[in-house]
Amino acid sequence: TSPDREYVIRYIENGGCERVLTDTFYVEGFDDASFSYGTLRICNNVDSLVPTLGADTGTFTWFGNFITDSIDVNPGTGTIYPANASLSLFDIVHTTNGNCPSMETVTIQVVNSPAPFSLINYGDTLLEASVTGGGFLRWFCDSTEVLSGTPLLPISMIGVYWATLTNSDGCTSMSNVIN
């Protein structure tokens, strides 16, 4: 860093004597503690979520709304592992460790994903999605969506089939694949 400017300090003692001190001060800005996960709602079936960091690194901590809340956050990288987290809101705090430390807080919410589900194959003519709970079902064949909104899919062509189920929280689970 370079000096921002030179400061002069004047001190007047009792009795009218004046002392003048001149010194150079360096003014530095706070460290950049900014970070983002790209989303504020995290599905609990996501393996991990790595934050995008500002310019400076530091330590990550977290706070839940309740004493029983829990989430796994890597303190050095801020990576979140939501699979074993409580379904709750969490404040993730990044504190820099440079010359002028600063803090940034991001509030995230861990939400429930649809339960895993399976496809049942009824020969060469029909597939059924065995789902529990609600959600929006989409069918795929060779990476192309072929039908949505129904648990039964008539097979009309040879290919690789699977389905996805998206719940009201916007989380998606994928079925097994049938060839």
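Residues are numbered from 1 along each chain as its sequence is written, and side-chain values use heavy atoms, with hydrogens and water left out. As the model is predicted, local features need pLDDT of at least 70 and side-chain atom pairs count only at pLDDT 80 or more, while totals for chains, interfaces and linings use all residues.

Let us start with an open sheet of four strands, whose order is 4-10-9-6 and whose pairing is mixed. At its edges lie strand 4 (41–43) and strand 6 (58–64), each pairing on one side only. On average, neighbouring strands here are turned by 30° against each other, direction ignored; axes are lines fitted to C-alpha atoms, for helices over the stretch in contact, and angles run from 0 to 180 degrees between N-to-C directions. Strands are DSSP runs of E with at least two residues, helices are runs of H or I with at least four, and both are numbered from the N terminus. Two strands pair if DSSP finds at least two bridges between them.

Strand 4 and strand 10 (residues 103–111) run parallel and are joined by three bridges. Across from Ile42 stands Val110, in strand 10.

Leaving aside residues up to four places away in sequence, Thr107 touches Leu40, Leu89, Phe90 and Asp91, where contact means heavy atoms within 4.5 Å.

What joins the side chains of Thr107 and Asp91? A polar contact of 2.5 Å does. Such a contact is a pair of N or O atoms within 3.5 Å; within protein, one must be able to donate a hydrogen and the other to accept it, and residues adjacent in sequence count only if both atoms are side-chain atoms.

## Aromatic rings

Across the whole structure, a search finds four aromatic pairs. Rings of Phe, Tyr and Trp (its six-membered ring) pair if their centres lie within 6.5 Å; planes under 30 degrees apart count as stacked, over 60 as edge-to-face and the rest as tilted. Two of the pairs are set out here.

| Pair | Centre distance | Plane angle | Type |
|---|---|---|---|
| Phe35 and Tyr37 | 5.8 Å | 90° | edge-to-face |
| Trp62 and Phe90 | 5.7 Å | 75° | edge-to-face |

Trp62 lies in strand 6 and Phe90 in strand 9 (residues 89–96), so their pair ties together parts that are 28 residues apart in sequence. Phe90 is buried at 0% relative accessible area, whereas Trp62 is partly exposed at 29%. Phe35 is buried with 7%, and Tyr37 counts as buried with 6%. Phe35 and Tyr37 also form one aromatic cluster with Phe60.

Finally, three strands make an open sheet in the order 11-12-15, with antiparallel pairing. Strand 11 (118–122) and strand 15 (152–154) are its edge strands, each pairing on one side only. From one strand to the next, the twist averages 20°. Five bridges pair strand 11 with strand 12 (residues 126–130) in the antiparallel sense, and Tyr122 stands opposite Leu126 in strand 12.

Definitions and conventions
Buried means under 20% relative accessible area, exposed over 50%, partly exposed in between (1.4 Å probe, protein chains only).
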